[in-house]
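The sequence and the structure come first.

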Amino acid sequence: MAALRSGSAVALAALVAAAMWAGMASAAVYEVGDKVGWTIMGSPNYTAWAASKKFSVGDTVVFTYNKQFHNVIAVSKADYKNCDVTKPKATWSTGKDSVVLNTTGHHYFLCGFPGHCAIGQKVDVRVLSSAAPSTAPAMAPAPAAAGGGSAGRAAAAPSPRANAAPAVSSSIAVTIAASVLSLAAAGLSLL
């Protein structure tokens, strides 16, 4: 009887771990502007870039840029249209900023350096779903520099977290492994 309970506990733990792992695997990481990055050099078309992607809740957008010349500011729709940086929802300035898209709808970002938004350094990231897995290949962003941003939180504001995707996957994997091992050990102690 104890062996049956032990086997059931281990099987249940494995199912929970698999479900958690599947949910984590569906999130994608997108480099804003792809290889061009977050810049004004070469006049990148961030509208076309965003339109070519299918963003889901849990995906991460990574802004890579020279922090001496650029930053990233999350703003409202009106401020996005007017390139107004006076009421930011959040600001990042490390040069390698990962932003987790935690709600559906539009997420508006622009560069706060004078004139950059007006010449196109802004992007409207539209998150369509929270359930469908993303079709983009995941990539791990390079480590970010320490420090770098302040966050003003609003209901629809993305959460600024430096390189969230790798840290989350590592901590989840460790948590899952520890949970499975502790459940297995608890089951064996019942024998």
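Among contacts in the protein between residues at least 6 apart in sequence, what percentage join residues at least 24 apart? The share is 76%, where a contact means heavy atoms within 4.5 Å.

The model is predicted: local features need pLDDT of at least 70, side-chain atom pairs count only at pLDDT 80 or more, and totals for chains, interfaces and linings use all residues. Residues are numbered from 1 along each chain as its sequence is written, and side-chain values use heavy atoms, with hydrogens and water left out.

**Fold and surface**

The protein has four helices and 10 strands. Helices (H or I, at least four residues) and strands (E, at least two) are DSSP runs numbered from the N terminus. Read from that end, the order is α-β-α-β-β-β-α-β-β-β-β-β-β-α. Of the 191 residues, 35% are buried; buried means under 20% relative accessible area, exposed over 50%, and partly exposed in between (1.4 Å probe, protein chains only). The exposed surface comes to about 10100 Å², with 65% of it supplied by carbon and sulfur atoms. Accessible areas come from the Shrake-Rupley method with a 1.4 Å probe, and for residues only the protein chains shown count as cover.

**Aromatic residues**

Rings of Phe, Tyr and Trp (its six-membered ring) pair if their centres lie within 6.5 Å; planes under 30 degrees apart count as stacked, over 60 as edge-to-face and the rest as tilted. This rule gives seven aromatic pairs. One of them is the tilted pair of Trp92 and Phe109, with 6.1 Å from centre to centre and 55 degrees between the planes. The pair links distant parts of the chain, 17 residues apart: Trp92 lies in strand β5 (residues 90-92) and Phe109 in strand β7 (residues 105-110). Trp92 and Phe109 also belong to one aromatic cluster together with Trp38, Tyr46 and Phe63.

Elsewhere, the charged end of Lys122 sits over the ring of Tyr80, 4.6 Å from its centre. The criterion is NZ of Lys or CZ of Arg within 6 Å of the ring centre and within 35 degrees of the ring normal.

**Cysteines**

The whole structure contains one disulfide, defined as a pair of cysteine sulfur atoms within 2.5 Å. Cys83 and Cys117 form this bond, with an S to S distance of 2.1 Å. Its torsion about the S-S bond is about -70 degrees, so the disulfide of Cys83 and Cys117 is left-handed. The two cysteines are 34 residues apart and link distant parts of the chain: Cys83 is in the loop between α3 (77-82) and β5, and Cys117 in the loop between β7 and β8 (122-129).

| Residue | Relative accessible area | Class |
|---|---|---|
| Cys83 | 24% | partly exposed |
| Cys111 | 1% | buried |
| Cys117 | 5% | buried |
| Trp92 | 4% | buried |
| Phe109 | 0% | buried |

**Strand β4**

Strand β4 (residues 72-75) is covered on both faces: Val72 and Ala74 on one side, and Ile73 and Val75 on the other, are all buried. Strands pair if DSSP finds at least two bridges between them. β4 runs antiparallel to β5, joined by three bridges, and Ile73 stands opposite Thr91 in β5. β4 also pairs with β7 in the antiparallel sense, over three bridges. Here Ala74 stands opposite Phe109.
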